[in-house]
Amino acid sequence: MEQEQLTEFKIPLALPAPNIEIAQEVANKAQVLINQFGYYQFLNLVDFMQRNPGAVSFGLNLINKR
């Protein structure tokens, strides 16, 4: 199986956050997921979250009850 040729891109990211530390943490955690699972699976995850807001809310409620 031929490996896909990828190019690394550095892009600016603007996201709402209360401070630079939180914004950096969000960006870092997204990068970790992309590094771990690949960009394609990351996009599949985002697509799932967009199509299933109820499942996302359910999962977040479970996390927030801890």
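Confidence in the chain is highest in helix α2, at a mean of 97, and lowest in helix α3 (residues 53–64), at 94. The score is pLDDT, the predictor's confidence in each residue on a scale from 0 to 100. This is a predicted model, in which local features need pLDDT of at least 70 and side-chain atom pairs count only at pLDDT 80 or more, while totals for chains, interfaces and linings use all residues. Residues are numbered from 1 along each chain as its sequence is written, and side-chain values use heavy atoms, leaving out hydrogens and water. Over the chain the mean pLDDT is 93, and 97% of the residues reach 70 or more.

**Helix α1 against helix α2**

- Helices here are DSSP runs (H or I, at least four residues; strands are E, at least two), numbered from the N terminus.
- Helix α1 covers residues 20–37, and its axis comes within 6 Å of the α2 axis, crossing at roughly 120 degrees.
- Axes are lines fitted to C-alpha atoms, for helices over the stretch in contact, with angles from 0 to 180 degrees between N-to-C directions.
- The two helices are therefore oblique to each other; angles under 35 degrees count as roughly parallel, over 145 as roughly antiparallel, 65 to 115 as roughly perpendicular and the rest as oblique.
- On the α1 side, Ala30, Leu33, Ile34 and Phe37 meet Tyr39, Gln41 and Phe42 of α2, where contact means heavy atoms within 4.5 Å.

**Phe42 in α2**

- Phe42 sits in helix α2, which spans residues 39–51.
- Leaving aside residues up to four places away in sequence, Phe42 touches Ala30, Leu33 and Ile34.
- With a relative accessible area of 21%, Phe42 is partly exposed; buried means under 20%, exposed over 50% and partly exposed in between (1.4 Å probe, protein chains only).
- From Phe42 to Val56 is 14 residues in sequence and 15 Å in space, C-alpha to C-alpha.

**Helix α2 against helix α3**

- The axes of α2 and α3 come within 5 Å, with a crossing angle of roughly 100 degrees.
- That angle makes α2 roughly perpendicular to α3.
- Phe48, Met49, Gln50 and Arg51 of α2 make the contact with Pro53, Ala55 and Val56 of α3.
- By class, the contact of α2 with α3 has five nonpolar residues, one polar and one charged.
- Gln50, which belongs to helix α2, is exposed at 59% relative accessibility.
- Gln50 and Ile11 are 39 residues apart along the chain, and their C-alpha atoms are separated by 23 Å.

**Salt bridges**

- Side chains of opposite charge can pair when their charged atoms come close.
- A salt bridge is counted when a side-chain nitrogen of Lys or Arg is within 4 Å of a carboxyl oxygen of Asp or Glu, and the count comes to two.
- Lys29 and Glu25 form a salt bridge through their side chains, at 3.2 Å from N to O.
- Lys29 and Glu25 are four residues apart in helix α1, so about one helical turn separates them.
- Of this pair, Lys29 is exposed at 52% relative accessible area, and Glu25 is partly exposed at 38%.
- Arg51 and Asp47 also meet in a side-chain salt bridge, at 2.8 Å from N to O.
- Helix α2 holds both Arg51 and Asp47, four residues apart, about one turn of the helix.
- Arg51 is exposed, with a relative accessible area of 54%, and Asp47 is partly exposed at 32%.

**Glu21 in α1**

- Glu21, a residue of helix α1, counts as exposed at 54% relative accessibility.
- The C-alpha atoms of Glu21 and Ile34 are separated by 20 Å, with the two residues 13 apart along the chain.

Notes: Ala, Val, Leu, Ile, Met, Phe, Trp, Tyr, Cys and Pro count as nonpolar, Asp, Glu, Lys and Arg as charged, and the others, Gly among them, as polar.
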